[in-house]
Amino acid sequence: MGVTANIIISMDVIEEVRNARYMVLLLSVVVFGFVIFFAFQYWYLLQLQPHSFPGLDTNPINLLLHSTMVFVFNPIYLPASIGARSLMLIETYGALALALFILQNMWQFRKEV
């Protein structure tokens, strides 16, 4: 639900932008928001299931690094539980949807200019 909400908010915000520099800045903020949201989800899962990602510490830098790597489809730590696998699958699909959305917006903006 969180990934879907982030994509819907991103779509609503991006539709109003007509300036290329502002759009790139806004898309960067959206991607950073996704990475922070992913890191929070990993932290929360590790609180509920401490052995779901063996080796992944709960310090913010490790969580942000792992979420960034999941966002670019190259996870650092492999999931060890069904909940962790499900979370990684959902986040990978969410990252893919956001990447396609960004590419579509860039292509549409390029056609208008």
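Leaving aside neighbours within four places in sequence, with which residues is Gln41 in contact? The answer is given in the legend on Gln41 below.

This is a predicted model in which local features need pLDDT of at least 70 and side-chain atom pairs count only at pLDDT 80 or more, while totals for chains, interfaces and linings use all residues. Residues are numbered from 1 along each chain as its sequence is written, and side-chain values use heavy atoms, with hydrogens and water left out.

**Figure 1. Overview of the predicted protein.** The protein has four helices and zero strands, arranged along the sequence in the pattern α-α-α-α. Helices (H or I, at least four residues) and strands (E, at least two) are DSSP runs, numbered from the N terminus. Of the 113 residues, 35% are buried; buried means under 20% relative accessible area, exposed over 50%, and partly exposed in between (1.4 Å probe, protein chains only). Among contacts with a separation of 6 or more, 63% join residues 24 or more positions apart, a contact being heavy atoms within 4.5 Å. The accessible surface comes to about 7200 Å², and carbon and sulfur atoms account for 68% of that area. Accessible areas come from the Shrake-Rupley method with a 1.4 Å probe; for residues, only the protein chains shown count as cover.

Figure 2. Gln41 is located in helix H2 and counts as buried because its relative accessibility is 19%. With neighbours within four places in sequence set aside, Gln41 is in contact with Leu87 and Glu91.

Figure 3. Helix H3 (residues 60–71) has twelve residues and reaches 16 Å from its first C-alpha to its last, close to the 16 Å expected at 1.5 Å a residue. The expected span is 1.5 Å times one less than the number of residues. The buried residues of H3 are Asn62, Leu63, His66, Ser67, Val70 and Phe71. Ser67 counts as buried because its relative accessibility is 0%. Its side chain reaches the backbone oxygen of Leu63 at 2.5 Å and the backbone nitrogen of Ala39 at 3.2 Å. Not counting residues up to four places away in sequence, Ser67 touches Val35, Phe38, Ala39 and Tyr42.

Figure 4. Pro79 and Ser52 are 27 residues apart in sequence, yet their C-alpha atoms are 5.9 Å apart in space. Not counting residues up to four places away in sequence, Pro79 touches Ser52, Phe53, Ala84, Arg85 and Met88.

**Figure 5. Close-up of a nonpolar surface patch.** Phe73, Leu89, Tyr93, Leu96, Leu100 and Leu103 form the patch, with about 630 Å² of accessible area together. Patches are made of residues with over 30% relative accessible area and no salt bridge; like charges are joined within 9 Å, and nonpolar side chains (Val, Leu, Ile, Met, Phe, Trp, Tyr) within 5 Å. A salt bridge is a side-chain nitrogen of Lys or Arg within 4 Å of a carboxyl oxygen of Asp or Glu. Phe73 follows H3 and has a positive phi, near 65°. Leu103 lies in helix H4 (residues 82–112) and is exposed, because its relative accessible area is 56%.

Key: Polar contact = N/O pair within 3.5 Å; in protein donor to acceptor, adjacent residues only side chain to side chain.
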